[in-house]
Each structure stands twice: as structure tokens, then as C-alpha cells.
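Dear colleague,

Please find the structure below, handed over for your study. My notes on what was found in it follow directly after.

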Amino acid sequence: MSHEITINNRAERGPLGIVTKTSSTPVSTGSFDPETGEVLTPSYQTARANRFALKSVVNKILPGSRTSKCMVLRAPIPGHGLAPIEVHKGHNCQKCFYQGLMSCGSIWTCPPCASKVSERRRIELTQALERAKQKGWACHFVTLTVPHGAGDDLREILAGLSGALKRLSSGMHSVKSQLRKLCPHSEIHGYIRALEVTHGENGFHPHFHIIMFTSKDLGSSVLEHVYGQSWQRACR
């Protein structure tokens, strides 16, 4: 079984979308056009209701957790008791929201907070890509994963992935070391990395998404070759 790796040049792809466009395919909750069969995107109100419906399930699964208290209990103000609950309307989006409630900020267990954090990260990524374009850098989208099955323990897979990623970043077999041998004048300026875990027929599917910022002369084919060999060696 091979260790999967996918690399694409961001210049050949469209701009990053919102979280609903970049996440794994969810269970369909939208409506269908009876004439074309097209899946219609849920409205903002429907999407928000779905997030809070999911959170109500989380509240039962994780009672007493910080997530179960999110958007339910009043936020404490040090030295002043509990915050008053107020309803505000945003100037830009023209949407109403509560203020004064606790917020857990968990992107893993809280659907409402995950939506907010993902949107802010999307904005940061868009700004980073635009800045890289201004500097004349090349941007590559890298995906790293390993074979897995339905009976595999997610904790063991994550521990293995973490160890492989460390080996990928240092030592004589690291990506930078191998790249220096093939393209001594090319340079990796930096990267943005995110861990995503989805679930399907083969169980949990953890994988890394990485945006690499390199010098303009470094092509995706060279980077894929270097990553392919280094990633398989690091995983073994």
C-alpha cells in the first residue's frame, strides 16, 4: 500500500472557498431543483440552525464540558460577576447575534465556533496567498495521508502521522535537504499547515493539508517527487 500524497500548484486552481466548499462532503441537507437535480445550497438561516442542532447533540454527548456550556451560560466578568445578555446587529453582515454568553472556541467539538474560526482562517489564508502573489512566490497545495482501515485506532494513526511529519521536517532525508540536492537555487519560504479528520467507510481518515510558499522557479512536479520519497520514508 502506498502512502498517498497530492500536490497542486495554487496558481492553476481557483481561490480558496469558504469552509463549506473545502471540507469533506457532508450528509445532504439541502434541497434539490426538481428540473435539473441540482443540489441547492442551504440558506444562512438553515445552515445556522443545522449547526445548533448538531451542538445540541454534542451537549448530550459531552455534558459538563466547555463546549456544552458554549452559547448556553453567561460569560463571567472577573470581579464583576456575570455578563449581561444582549442582542446586537453587525454593521457589515447585518445579522443579529448574542453577546454576553460563553464561547468555547473549539473547532473540533463545537459546530457554531468551528464555523466562526474556519471563516477567520479562510480570510487569513486569502491574505497570505495574495501577499505571496505580490512577492512573486509560487504556492503549492500539498495533502499527506496514510493507508487506514475501519478498525484502526485514531489515536495511533495521529501519533504516527505526527512522528512522520517531524521526520519530514528535519534530518538528511527532510524535504529541504532533498530539495537542496535537486534544486540548490530554489527555496522554501514557508508553509501553512492544517490537520483534518474525516470519517467514511474505511473509518477515520486523518490527513495534513499544507500550503507551501516557494521560489517561482520550483515546479509542483519537482516538489511532488521530493515529498513522495521523503513522506514514504518518514512513515516507514
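The chain holds 7 helices and 10 strands; helices (H or I, at least four residues) and strands (E, at least two) are DSSP runs, numbered from the N terminus. This is a predicted model, in which local features need pLDDT of at least 70 and side-chain atom pairs count only at pLDDT 80 or more, while totals for chains, interfaces and linings use all residues. Residues are numbered from 1 along each chain as its sequence is written, and side-chain values use heavy atoms, with hydrogens and water left out.

Of the 236 residues in the chain, 31% are buried. Here buried means under 20% relative accessible area, exposed means over 50%, and partly exposed lies in between (1.4 Å probe, protein chains only). The chain exposes about 15500 Å², of which carbon and sulfur atoms supply 55%; these areas come from the Shrake-Rupley method with a 1.4 Å probe, and for residues only the protein chains shown count as cover. Among contacts (heavy atoms within 4.5 Å) between residues at least 6 apart in sequence, 65% join residues at least 24 apart.

The interior may be considered next. In soluble globular proteins, nonpolar side chains tend to be buried together. A nonpolar core is a set of buried Ala, Val, Leu, Ile, Met, Phe, Trp, Tyr and Cys residues joined through side-chain atoms within 4.5 Å. The largest such core in this model has 21 residues, and those with the most contacts inside it are Leu144, Leu168, Ile210, Met212, Tyr227 and Trp231. At least two residues of this core come from each of β8 (138-144), α5 (154-169), α6 (175-182), β10 (203-214) and α7 (220-235). Apart from this core lies another, of 6 residues, including Leu129, Cys139, Ile211 and Phe213.

Which residues does Leu168 contact, leaving aside its neighbours within four places in sequence? They are Leu144, Ser174, Val175, Tyr227, Ser230, Trp231 and Ala234. Leu168 is also one of the buried residues of α5, together with Ile157, Leu161, Gly163, Ala164 and Leu165. The cover over the buried residues of α5 includes β8, α6, β9 (188-200), β10 and α7.

Helix α5 has 16 residues and reaches 23 Å from its first C-alpha to its last, close to the 22 Å expected at 1.5 Å a residue; the expected span is 1.5 Å times one less than the number of residues. At the N-terminal end, Asp153 caps α5, with a side-chain oxygen 2.8 Å from the backbone nitrogen of Arg155. After α5 comes Gly171, whose phi is positive, near 95°.

Helix α4 (residues 111-135) has 25 residues and spans 36 Å from its first C-alpha to its last, close to the 36 Å expected. Its buried residues are Pro111, Pro112, Cys113, Ala114, Ser118, Leu129 and Ala132. Gly136 follows α4 and has a positive phi, near 80°.

The strands β9 and β10 run antiparallel and are joined by 12 bridges; strands pair if DSSP finds at least two bridges between them. A hairpin connects the two through 2 residues, and Thr198 stands opposite His205 in β10.

Two further residues deserve a note. Met71, in the loop between α3 (66-69) and β4 (76-77), has a positive phi of about 60° although it is not a glycine. Val222 is found in helix α7 and counts as partly exposed because its relative accessibility is 24%.

Yours sincerely

Technical notes. A polar contact is a pair of N or O atoms within 3.5 Å; within protein, one must be able to donate a hydrogen and the other to accept it, and residues adjacent in sequence count only if both atoms are side-chain atoms.
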